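Subject: Structure handover

Hello,

Here is the structure I promised to pass on. Please open it alongside these notes.

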Amino acid sequence: GKIHLPREIFQSLSSQTVRVVVTVLNIQQLGMFKEANQTAQVLDNTVLGITVGESSISGLRDPVRLTFAHSELPQHSQPSPLPVAGQAGGWQSSGCATQPGDQGTVCSCDHLTFFTLLLNPALDGSTAKALMAVATAGCGVAMAFSIFTMAFCIFIRCRFRFEETVRTNLGLHVNLVGSLFLLNLAFLLNSGLSGRAHPRTCGVLGGLTHYCLLCCFTWTALEGCQLYLLFVKVLGIYIHHYLAKLCLVGWGFPVLVVGVAGVIGSYGEYIVQTMDQQVIAHLCWITSKHLLVHYITNCGYFGLIFLFNMAIFGVVTQKSCSLQGTGAVQGYRKPWKVALVAAGLFCLLGASWALAFLTYGISSTAVLYLFTILNSLQG
């Protein structure tokens, strides 16, 4: 890039000869200038320091101009007003402004300090509206399939005589699909009412949405526990009122988590904005001040469940293969049928949720659509 120092800087200095020092730092290697909860990305991980002489220079009428040369910026990123490193090591933009130039981004500042260009992740208006439309349509489709699945499971459970284990499995599936139905319903209510809801109502709606999400995760964990009992601990698994106890855990444990989060005031309005700071959507969810609650109760909780379920999936797969190899299982199963059953179990144990979490935060249009579809089509 280029650096332009105005004549005013040198006219204010008493000595005729001064040392001009330009320092270029790779902050990825040094670990400098990092803030807690920083969402912006430093362009090329580079910070530029400029000093002229030994005095502090500020309040310039003719600003210092820096041209940051760069290729096309990452999708869904915008350059913020030129941030400078303050005394506390945080980023500040006072006295600085940015504008696009022919050779990059031009930044103008009325003082000398450490400079860089931050890229804030953001959405353009058309993409954000399209993603909201995809999410809404996906939730509607998922709700329709959830209703059909629950009705089908209840019908065959009542119409045909099964042994107790099969009836328990069907009841477990109904509760899991029911939690997915409630989650999609809560999201649709959230997106439709949150923009004009009273703060207390918004807090209740945010807590309800969080509760439904935790119920989905908990019932996914219970599916893994049931699979372990069926395939690994085959003998001596009779538990009195087993399904009722599962319901107590599946619907009751999230109440405790949401109750604690609500007591500390975690729920409220969460705003989704575009690159030009236009509000795309108001959601009642965990507020930005309590993102730690989101990372612990959602990301951390699901991560533990997924690791547990994948361990169960591995044990069940190994045991099934060993039974097939010893001839304990009668009949021949085609490989595609075995693969289909394995894929179904894989999704039942949370694989689709894991894919959604893996795509979270990646600034790519295709990945954003994939993230939205995976989330809205869970049912």
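In which strand is the place of L66? L66 sits in β5. Bear in mind that this is a predicted model. L66 is buried, at 2% relative accessible area. F115 is 49 residues from L66 in sequence, yet their C-alpha atoms are 9.0 Å apart.

**The sheet**

Strand β5 belongs to an open sheet of 4 strands. The order is β1-β5-β10-β9, with antiparallel pairing. β1 (2–4) and β9 (96–101) are the edge strands; each has a single partner, so one side of each lacks a neighbour in the sheet. From one strand to the next, the twist averages 15 degrees. β1 and β5 (residues 64–68) run antiparallel and are joined by 3 bridges. Opposite K2 stands T67 of β5.

**The disulfides**

How many disulfides does a search of the whole structure find? The search finds 2.

One joins C96 and C109, with the sulfur atoms 2.0 Å apart. C96 is in β9 and C109 in β10 (residues 104–109), so this pair ties together parts 13 residues apart in sequence. The link is right-handed, with 120 degrees about the S-S bond. Both cysteines, C96 and C109, are buried.

The other joins C202 and C284, sulfur to sulfur 2.1 Å. This pair links distant parts of the chain, 82 residues apart: C202 lies in helix α5 (residues 199–231) and C284 in strand β14 (residues 279–286). The link of C202 and C284 is left-handed, at -115 degrees about the S-S bond. C202 and C284 are buried too.

In sequence order, the bonded cysteines pair 1-2, 3-4. C107 is in no disulfide; its nearest cysteine sulfur belongs to C109, 6.8 Å away. C107 is buried, with a relative accessible area of 0%. C225 is partly exposed, at 31%.

**The annotated spans**

The unreviewed UniProt entry lists "transmembrane region" for residues 130–158, 170–188, 208–231, 243–267, 295–317 and 338–371. I looked at two of them. Residues 208–231 are 100% helix and 0% strand, with end C-alpha atoms 35 Å apart. Residues 243–267 are 84% helix and 4% strand, and there the end C-alpha atoms are 31 Å apart.

**H294**

H294 is in helix α7 (residues 291–326). Is H294 buried or exposed? Its relative accessible area is 14%, under the 20% cut-off, so H294 counts as buried. Its side chain makes a polar contact with the side chain of N298, at 2.9 Å. Leaving aside residues up to four places away in sequence, H294 touches W285, I286 and C299.

Best wishes

Terms used
Residues are numbered from 1 along each chain as its sequence is written. This is a predicted model: local features need pLDDT of at least 70, side-chain atom pairs count only at pLDDT 80 or more; totals for chains, interfaces and linings use all residues. Side-chain values use heavy atoms; hydrogens and water are left out. UniProt positions are given in the numbering used here, feature names are shortened, and annotations may be inferred rather than shown by experiment. Helices (H or I, at least four residues) and strands (E, at least two) are DSSP runs, numbered from the N terminus. Buried means under 20% relative accessible area, exposed over 50%, partly exposed in between (1.4 Å probe, protein chains only). A polar contact is a pair of N or O atoms within 3.5 Å; within protein, one must be able to donate a hydrogen and the other to accept it, and residues adjacent in sequence count only if both atoms are side-chain atoms. Contact means heavy atoms within 4.5 Å. Two strands pair if DSSP finds at least two bridges between them. Axes are lines fitted to C-alpha atoms, for helices over the stretch in contact, and angles run from 0 to 180 degrees between N-to-C directions. A disulfide is a pair of cysteine sulfur atoms within 2.5 Å.
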